[in-house]
Structure formats: C-alpha cells, structure tokens
Amino acid sequence: MRDLKESGPRATATPCGCVKPALETGNLLTEPIGYLESCFSAKNGTPRQPSICSHSRACLRIRKSIFNNPEHSLMGLEQFSHVWILFVFHKNGHLSCKAKVQPPRLNGAKTGVFSTRSPHRPNAIGLTLAKLERVEGGAVYLSGIDMIHGTPVLDIKPYIADYDSPQNLIESSGDFTLQNNQHKLKTVSQSEGKTDNCDWQQLSGCKESQPSHCTREKCKCPEHRTSGENNAESDDAANTQQSSPEPREIAAELGEESGPRVAQEQSGPHSQEKSPSEEPEDGRLKRGEEAVVPEGHGPEMSPKAPSGVAGAAHCSVVPAWVREAPVANLEVRFTPHAEMDLEHLSSGEPGVGQASFKYFQSAEEARHAIEAVLSADPRSVYRRKLCQDRLFYFTVDTAHVTCWFGDGFAEVLRIKPASEPVQMSKPAESPVSLGL
Ligand SMILES: C[S@@+](CC[C@H](N)C(=O)[O-])C[C@H]1O[C@@H](n2cnc3c(N)ncnc32)[C@H](O)[C@@H]1O
C-alpha cells in the first residue's frame, strides 16, 4: 500500500482546462457556493451554536459562478426542515496549528481540538445544523444560525435524522445490550424516510415522543447521556425517565477559544456599582467550583466511555463537561432606556436614522434573540474572569447592543441603530434586505 503521508499534492487538469490539486490527495481547492447574509455582523455576540438562538436568521444565495441556474441546485431541498451548512471560519485570521484548545464550557481547561467545536482548527471548517425556513429561486433562508455575515459557505446538505442521528439508526425490536453489542443497527431506507418536524427536538432535547425505533425501554435520549452514564449504564428503564433540560441548556457551546481578544470594550458606568468587597472572580466562577469539571482539571478527569462503546452503541455519548458545564445560563434584563430604544428601532421612527429590522420580524423577535445571545453568556473565559466590569457590545440585525454583566445576569443598557451597514466580504455582492 502506498504511504499516504508521502504522496504530496498532485495537479490534474479539469475538463475546463484549469489545473487543480488532485482530489485523491485531499487537497481540495474550495470555491464557496455563496456568502452568507447573516443577522450577526461580527464574532462578538454571535451564538456559539445554532441551537442557542432560534430567531437568528440568514440568507444564502447560490452564486451563478457555481451553477448557471442556481435554483436547479436547490430543487427538492424545500422538502427538508433542516440543513447542514459547511462553511469557512473566514474571520479567524489564520489556520490554527494548536492541538489543544480551551472551550468556554471548560472554563479555562484545555482539551484536544477535535473533541470540541472550536472555530480554531487546522482546516477552519465549520458545520452548522440550521432550520430551513424556505427556498426561493436560488436562495435559501435559514434560521437558528451561528455564522457571521459574509461567511463563505462551501456546501449544503439535507439533515436526515435517519442517517444523522444515532438513535434513529436503531431497530426497536433489535436484541441489543451495551455489554455484548449484539444489537442490530439498521438504517431506514429512503423509501421509509419521512419528513419529521420533530427532528430539532429529537436532536436537542427529546422532550416529545421518542422515534418509534428508539423505544423508551431500550434507549435513553442520546443527548441526555454522558460518557459517565454510559459507563455505568444498565438497561434500566427508570434511567430513561429523567427530566429533560431545555434545548438551550444543552446547546453545546463547545467552541470559542478563550484568551485575550481584541474586543470593543471599555470600563462601564456600572463597574462602580459593584460591591467593593466582591471577589475578583465572579459568581459564575464560584459556581464553577461546584461543577463536574473543576477548574484546572482537564476533561481527562471526566469519566470516559468504555472503549468501543461510543462507536457501537445505539445512542450518542458526550463527556460530562459538555452536558454539565460549570457555566449556567444568565438572567437577562433590559433597562427602561433599552426597552425604549428597542421600541424606537423596531418602529423605524424618523430621527432614529435607520429603517427597522432586516432579519427580525418584530421587536419581540429581536428581544428574544438578544435575550438568547446574552443568556448563553457570549463572553470568552478571559473576559469572564478578568474583564467582568467591561461593557460588552454586539450587533444583531440593525441593533447595536450595549450591555454589562453582573453576578448571574446580563443587563442591556442601550440598543442603537448599527452605525455601519454590514459589509459583504466581496464588495460586488452587497447585502440585500431579506424582506422577511
Ligand atoms: C463555536 S463556532 C461553532 C460553529 C459550528 N456550529 C461548528 O460547530 O462548527 C461558532 C462561533 O464561531 C464564530 N464564527 C462564526 N462565523 C465565523 C466566521 N465566518 N469566521 C470566524 N469565526 C466565526 C462565532 O464567534 C461563533 O460564536
């Protein structure tokens, strides 16, 4: 067998005459199928996972340079409720060569990059499961996204629970146990495939009914299991009856690496309002002391899945630090001033200098989106620990939000019209109002 490591990139000529590296070497020259128009203009304040903010919206127009008739490429896609979006973290600056990263949920501890959803990875490729709102000509309208405006998108694939969700691979009558791995795995054929509007719930919480081929007796909702639970698991029906966390609670904010970031920040007026006796570490960190993964201990401390089980078991397994992270959701408040700002912005009042929202359909939606973003605490670990009294800014849709964080809460102070319209990475492709 040829040594793959030694085979360098080879060039091949395509039918159109251009020379591209050979696919077989894995050196793929990518060409974005489109650039995302997103309600998030910058990394700051963009949710760490799509499930955090269901009201976040985006539009992707397939480029004519990819297909003469972009609408042809989207034929049939409207029959799916969710799609996988593969994209480039184009605002990373450079490709990352760090083997270990510090996901926010580990509160400063490190783990291997491939066990996280960090944007800082060797090939800077992101993967987001988005809700497909509609297809219109050569454009797809999405919600529940975590990508910024101008993100180059490489591919769209339909989400098919039967293929993409481990519990959907199980035949309910299968004679399986975790111990002997005798269970039968069976993918449902396409002819048996169905449009399942509960896919999102199945993925994120299993709050509703279990899929028919994932019986309560046999299968604990995968997202409710940790490797520790898996380790100790017997096929105990009682285990399947545990209470379900909210989808947002289990949104895995595994990504953003912590560290000093250049952020728009300044000392805030509220910094003086804090008690002088307050410890340098905020309540969040105190809570972290009680958490499953204590600070300073890597994920190596988490119980591990028995070897081979994660790959062969009927349900997916995640480490404890993902499910039981020392980072609690924050309460989100709006000052009366911020409430008024939001009202003005949504009404597009003269004098405010800006039309109302491009992506949100109402002030209520904008409010929910702001709440969702802040509730998940968008700060890096560094900011959480060392710059807690700094103001935090982010832009969502046409709203430029100023807030601050206290012990267990975030408070919105001002909401102003975003001063700069969101720029596309390619000047030729100007942002287009989504008309939602
Ligand atoms: C943690 S990543 C997760 C992305 C995707 N769901 C995944 O798992 O691959 C999401 C974060 O990436 C950052 N981000 C989004 N779009 C980006 C882009 N085009 N370039 C660089 N960073 C981006 C934002 O800060 C966002 O909070």
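**View 1. Packing of helix 9 in the predicted model.** Helix 9 comprises 13 residues, 363-375, and extends 18 Å from its first C-alpha to its last, close to the expected 18 Å at 1.5 Å a residue. Just after helix 9, Asp-377 adopts a positive phi of about 50°.

**View 2. The largest nonpolar core.** This core contains 53 residues, of which Ala-58, Leu-142, Ala-369, Ile-370, Val-373, Val-396 and Val-401 touch the most other members. Helix 9 makes the greatest contribution to the core, with six residues. Domain 1 (13-89 + 124-159) and domain 2 (329-417) both supply residues, so the core lies between them. A separate core of seven residues includes Leu-106, Val-317, Val-318 and Val-322.

**View 3. Surroundings of Val-401.** Leaving aside residues up to four places away in sequence, Val-401 touches Ile-370, Tyr-393, Phe-394, Val-396, Val-412 and Ile-415.

**View 4. Pairing of strand 10 with strands 5 and 9.** Strand 10 (residues 139-143) runs antiparallel to strand 5 (residues 57-61), and five bridges join the two. Within this pairing, Arg-61 has Ala-139 of strand 10 as its bridge partner. Strand 9 (residues 125-136) is likewise antiparallel to strand 10 and joined to it by five bridges. Arg-134 stands opposite Tyr-141 in strand 10. Two residues lie between the strands in the hairpin of strand 9 and strand 10, where Gly-137 takes a positive phi near 60°.

Terms used
Residues are numbered from 1 along each chain as its sequence is written. This is a predicted model: local features need pLDDT of at least 70, side-chain atom pairs count only at pLDDT 80 or more; totals for chains, interfaces and linings use all residues. Helices (H or I, at least four residues) and strands (E, at least two) are DSSP runs, numbered from the N terminus. The expected span of a helix is 1.5 Å times one less than its number of residues. A nonpolar core is a set of buried Ala, Val, Leu, Ile, Met, Phe, Trp, Tyr and Cys residues joined through C-beta atoms within 7 Å. A residue is buried if 20 or more other C-beta atoms lie within 10 Å of its own, exposed if 12 or fewer, and partly exposed in between; C-beta atoms are placed from the backbone. Domain bounds come from an automatic or database domain assignment. Two residues are in contact if their C-beta atoms, placed from the backbone, lie within 7 Å. Two strands pair if DSSP finds at least two bridges between them.
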